[in-house]
Amino acid sequence: MKKKIAVFTNGWNDDYLEFALEGIRRRAAEDNIDVFIFMDYTSYDKTEDELTGELNVLNLPSLSDFDGVLLLGNTLNNANENVILREKILEAKVPSLCLEYELEDINCIRTENVNGMKELMEHMITVHDVKDVFFISGPRDNAESNERYQAVIETMESHGLSVDPEKLFDGCWSYAIVEEQLPGIVEKMDKLPDAFICANDSMALAACVALEKMGYKVPQDVRVTGYDNLMSGNHFSPILTSVDRGWNERSYQAMDSLVELMNGAPDFGDKVYDSKFDLGESCGCSMGEEGVRIQKEARTRAFMLPVERTIFDWHLIEVDDSVAHVKKPDDIHKVFTALWEKNHNYTGSDFCICLDQNFLDSMSQDMTPKTVGYSDKLDVIYGMKNEKTMDRSVIDASQLVPYYDGDSAETVMYLFVPLHAGAECLGYYVSKNNTRMIKDFYLNSLTRHMSSALDRARQNIKLENLNKILADISVRDELTGLYNRMGYEKIVIPYLDELRASKRQSVIMVADINRMKVINDKFGHLQGDAAIRIVAKVIKSSVPAGWKAVRYGGDEYVIIGEYDAAEDMEAIKNGIIDKARRVSEDLSLPFKLSVSVGYVIIDAENQLGNEEYFRMADEAMYEMKQKAHREE
């Protein structure tokens, strides 16, 4: 069995992941190590329920089942993931490493936050004469953001300049927060600063967009810089001035160091590499021919992305619509089969949707929503392997991947994303060698629509079950649980017609309680109801399975079923009569309970109508009733 590692990351950092995961893959391939990537989409603007649903993916793997654990630590601060995972790692005592973020007792490889930022600030001051800066930070308690801010302060001070502590805004690493709130901040300013220095590229891009909407040009009216050197910053216009962290190289180094730890090397603590200033255009510089080339690529991408996204949105609509008419869980498998056998361009040729057993059970019964952890069993409601749909199956949660091959000759990357409705765990989505879906948040959109579709499917199934219950109530007699007259018309007679149409012999049996009026008059209607229930129970337990029993009137019953020549109808008839008598004696009823029964066998070739056969069975019962009355 080859070695495998668990990687934890947040999916919003798609540019970073493109480089980081490629570096991890390259090093893993050298030793044929499989990579299991567990990814959430937490962010500072999500509700508590949404965060709970996303964070549950951290509970999916048992870390002791892995040979090593790698945290992409700079992505795991939105909802305290680093702290949660540190405790799990130390408990499992598994070789581990955190990339780009220091965690106590965990080995770390990181790019420092000072040198590149100081180089950037030197450029801004000496080349562009920047004297007044406004800093857009990450969370105030974030060490990386604070180090970058301190580098700005120190560089300014080295040139005899100062940073106004009031010119600081906590953007929480979020594009959305900066785009929404920066206009209000700018409107309160007497004048624009010389530059907005941002602690990451996402916030820098948001600042550029927000300023553009307000009528300001970057860099003509104000300069903007970022940090991280994202691909989106390179494709933006103007090209974003930033700081490069060498992500591809750093992730390879992290994976290489983790492999050494897995092979018995001692802990090394903290390894630090220099960050580097990366020139762009948003500071006011020109990139010449290189900038022209980059912008040409960006224009092509700007055209293609909306087209691709529109086509992808059509697929998302198909996901939503696929479950519109499901009535039972197996229907979900069927509609997903039709959906993804037609088009699996986005999911890839190897993926599975694994439903938590608690969620599956909630489709048919009231269940307390599961919000933490996963059930022991998972239902693979849909899976595709090598472009072929797999049979629906049940796996142990520890198995993680239904089709995992621990002896394969290729290095495989499995990607796990939680499926949830608010805080409730629905299950997870897992794909093989399809990390390209992380780009531009396609995977987030797809899994959110999967979750919504599954939740909608549950609502449909529960509604269908409720309709069945209501329909059953309408055709059932409340006192006995047998079919009532409506059930007789809608279910029992069509059943008889089907037997006769298919040339199968059938039987109509009529039963009636003797002296029912005497029981009601002398002992009361409660005792009369008891007699009716007892006879109904006797009938259900005495006739063959599949036969349908009806409370036709007050104390009259009709039973219809398929007749097998091997069955002794007299024995069935007498069985009902004798059992009713024995039960009444065992219960010490204050009255004598007896039943009259008549029946008629309908020959497959006989063309008489149902009403005639019913009359014949009723007459047979009546003859027995008259005889019983004479003998009393």
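Predicted model: local features only at pLDDT ≥ 70, side-chain atom pairs only at ≥ 80, totals over all residues.
Start with helix α4, residues 115-128, and helix α5, residues 143-158. Their axes come within 9 Å. They cross at roughly 40 degrees. Angles under 35 degrees count as roughly parallel, and 65 to 115 as roughly perpendicular. So α4 and α5 are oblique to each other. The crossing is right-handed.

Which residues of α4 and α5 make the contact? On α4, look for Met117, Lys118, Met121, Glu122 and Ile125. On α5, find Arg148, Ala151, Val152, Glu154, Thr155, Met156 and Ser158.

Now the second pair. Move along to helix α11, residues 329-342, and helix α13, residues 442-474. Here the axes lie 10 Å apart. The packing angle is about 140 degrees. Roughly antiparallel would need an angle over 145. So α11 is oblique to α13. This crossing, too, is right-handed.

Who touches whom? From α11, the contact takes in Pro329, Ile332, Phe336 and Trp340. From α13, Met450, Leu454, Ala457 and Ile461 take part. The make-up is quick to state. Eight residues in the contact of α11 with α13 are nonpolar, with no polar and no charged ones.

The contact of α11 with α13 has no polar and no charged residues.

How values were computed. Residues numbered from 1 in each chain as written. Heavy atoms only, no water. Axes fitted to C-alpha atoms, helices over the stretch in contact; angles between N-to-C directions. Helix = DSSP H or I, 4+ residues; strand = E, 2+ residues; numbered from the N terminus. Left-handed = near helix turned anticlockwise from the far one by under 90°. Contact = heavy atoms within 4.5 Å. Nonpolar A, V, L, I, M, F, W, Y, C, P; charged D, E, K, R; others polar.
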